[in-house]
Amino acid sequence: MVDSNALLSASEGSETLNSEDDLEVERKSITLWRSPLKTLYYFGWQMFDEMKKAFQFAKLHKITIGVTLTIVIAIAIFLNVPGPHQKHVGWLNKEIVWSVWWIGLGILSTVGLGTGLHTFILYLGPHIAKVTMAAWECQSVEFPEPPYPDTVICPPKGTSLMHINMWVIMSKVRWESFMWGIGTAIGELPPYFMARAARLTGSELDDSSFTDLQKVEDPSTLKCTDRFKLWLQNFVQSAGFFGILLCASVPNPLFDLAGITCGYMLIPFLTFFPAVLLGKSIFKVHLQMICVVILFTADNLKMCEENIAKIPLIGSALHGPFTEYMEQQRITLHASSANHIKHSPTVISVIFNVFVALMLLFFLISIIHGLAQQKFRTLNQHRLPVKEKKSEVSHLLTDKQTDRQANKLSECQTDRLTDRQAN
């Protein structure tokens with residue numbers, strides 16, 4: 001039986017900590033591996049708080065929610081009522097669901113839940129690879145629909161062949177890639193808005209990676225990764241739109257930190273989001289598409305199939321499963337939609353499915369850890385010395401930066417006061 005008093009004492013202890021670092025050490029110990037019961041306790045508490053916030057939001061916005069539900073119900077009725085419009089409904093519904101699916105995967109990739117779900121590696125990348133292999137094998141991208149996009153098979157015999165190149169293949173997967181890129185841009189908004197709200201309200205920023213770097217007086221003492229993080233903060237703050245665009249246009253696992261910096265430094269939304277949207281949905285996505293399409297061309301796959309056995313130690317073990325997988329893909333591509341051949345799973349497909357399952361499990365565990373640690377930190381702020389509770393950023397800004405940020409803060413607060421008086 002779990003002692004609830006012991007759990008409560010962990011969150012409401014009276015022992016004063018020496019610094020923020022001590023609290024961070026305790027916070028990072030809240031994991032399922034070290035303290036499973038305590039972690040689940042804080043996670044449940046945080047989830048309950050989030051549900052209360054959602055209920056309070058619903059109470060405050062009853063009219064908006066009511067109108068939204070009415071519109072959704074009306075659309076659902078329209079889509080299911082028989083009539084001549086039904087011949088267009090199926091196509092429209094398919095396109096909407098397909099687009100929302102990829103936008104959702106893009107959001108999950110960058111929204112900041114746990115470690116983030118690497119949906120390009122798990123979903124978009126394999127989809128592009130599958131289309132690329134099929135295009136070279138079939139010498140066409142006019143795949144029958146259905147079963148495409150769920151299953152890719154070659155067009156029926158007699159269909160005119162196409163001249164396949166990288167641009168033809170990219171045009172086939174451009175829409176889903178673009179939707180995924182839009183989702184990744186939307187997923188960068190929560191860190192931006194949370195940091196901006198913290199600055200406008202004068203509250204403490206929860207993200208310690210930002211505040212810890214701002215406390216460093218000598219950057220040369222930092223590790224390489226931390227020095228890059230500090231450079232990234234300074235770069236997006238000084239370069240503005242084009243700096244954000246550059247950082248968003250290349251694969252960058254630290255871009256969350258750039259979003260937090262932009263929000264905390266009150267960089268305008270109309271500067272931040274267009275740069276992120278353009279960088280992620282246009283430049284970055286096309287860079288990723290080009291890499292996958294080149295990697296999975298027919299010549300590269302053939303070279304890989306011929307040379308995989310030469311890999312020391314594991315080459316001979318990999319050659320058989322890889323050859324079996326490639327042969328199965330060719331048979332599947334040349335099957336007709338009417339008598340689509342079902343195969344037993346290959347070793348490679350089983351390994352990939354296990355990998356996807358483990359990634360999803362790790363993502364779920366990271367969400368549990370993140371929410372539990374967030375609740376622990378909130379409950380233990382009172383244990384910090386008074387000086388630690390003050391803002392850890394403002395004293396490190398130069399006089400010019402401080403004046404500029406103070407003016408922005410004053411303007412925002414004045415605008416809010418004016419709007420309130422006008423109402």
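## Terms and basis

A residue is called buried when its relative accessible area is under 20%, exposed when it is over 50%, and partly exposed in between, using a 1.4 Å probe and protein chains only. Helices (H or I, at least four residues) and strands (E, at least two) are DSSP runs, numbered from the N terminus.

The model is predicted: local features need pLDDT of at least 70, side-chain atom pairs count only at pLDDT 80 or more, and totals for chains, interfaces and linings use all residues. Residues are numbered from 1 along each chain as its sequence is written, and side-chain values use heavy atoms, with hydrogens and water left out.

## The disulfide

A disulfide is a covalent bond between the sulfur atoms of two cysteines. Here the term is applied to a pair of cysteine sulfur atoms within 2.5 Å, and a search of the whole structure finds 1. The partners are Cys 138 and Cys 154, with their sulfur atoms 1.8 Å apart. Helix 6 (residues 119-138) holds Cys 138, while Cys 154 is in the loop between helix 6 and helix 7 (166-187), so the bond ties together parts that are 16 residues apart in sequence. The link is left-handed, with -75 degrees about the S-S bond.

Cys 138 is buried at a relative accessible area of 9%, and Cys 154 is buried at 10%. Two other cysteines, Cys 291 at 48% and Cys 304 at 33%, are partly exposed.

## Salt bridges

Side chains of opposite charge can pair when their charged atoms come close. With a salt bridge defined as a side-chain nitrogen of Lys or Arg within 4 Å of a carboxyl oxygen of Asp or Glu, the count comes to 5. One of them joins Lys 375 and Asp 49, whose closest N and O atoms are 2.3 Å apart. Lys 375 belongs to helix 16 and Asp 49 to helix 3 (residues 36-60), so this pair ties together parts that are 326 residues apart in sequence. Both Lys 375 and Asp 49 are buried.

Another salt bridge is formed by Glu 145 and Lys 94, at 2.9 Å from N to O. Glu 145 sits in the loop between helix 6 and helix 7, and Lys 94 in helix 5, so parts that are 51 residues apart in sequence are tied together. Glu 145 is partly exposed at 49% relative accessibility, as is Lys 94 at 34%. Glu 327 also pairs with Arg 330, at 3.6 Å between the closest N and O atoms. These two are 3 residues apart in helix 15, which means that about one helical turn separates them. Glu 327 is partly exposed at 41%, and Arg 330 is partly exposed at 27%.

## The second largest pocket

A pocket is an open set of points on a 1 Å grid over the protein atoms alone, where a 1.4 Å probe fits, with protein on both sides within 12 Å along at least five of seven lines; lining residues have an atom within 4 Å of a point. The second largest pocket holds about 1700 Å³ of space, and 50 residues line it, with Pro 126, Lys 130, Met 133, Tyr 325 and Gln 329 nearest its centre. Among the elements that give two or more residues to this lining are helix 5 (86-110), helix 13 (269-295) and helix 15 (315-333). Helix 6 gives the most, with 13 residues.

## A buried serine

Ser 177 lies in helix 7 and is buried, with a relative accessible area of 0%. Apart from neighbours within four places in sequence, Ser 177 is in contact (heavy atoms within 4.5 Å) with Leu 124, Ile 128, Val 285 and Met 289.

Terms used:
Points joined across faces, edges and corners; volume = space filled by probe spheres on them.
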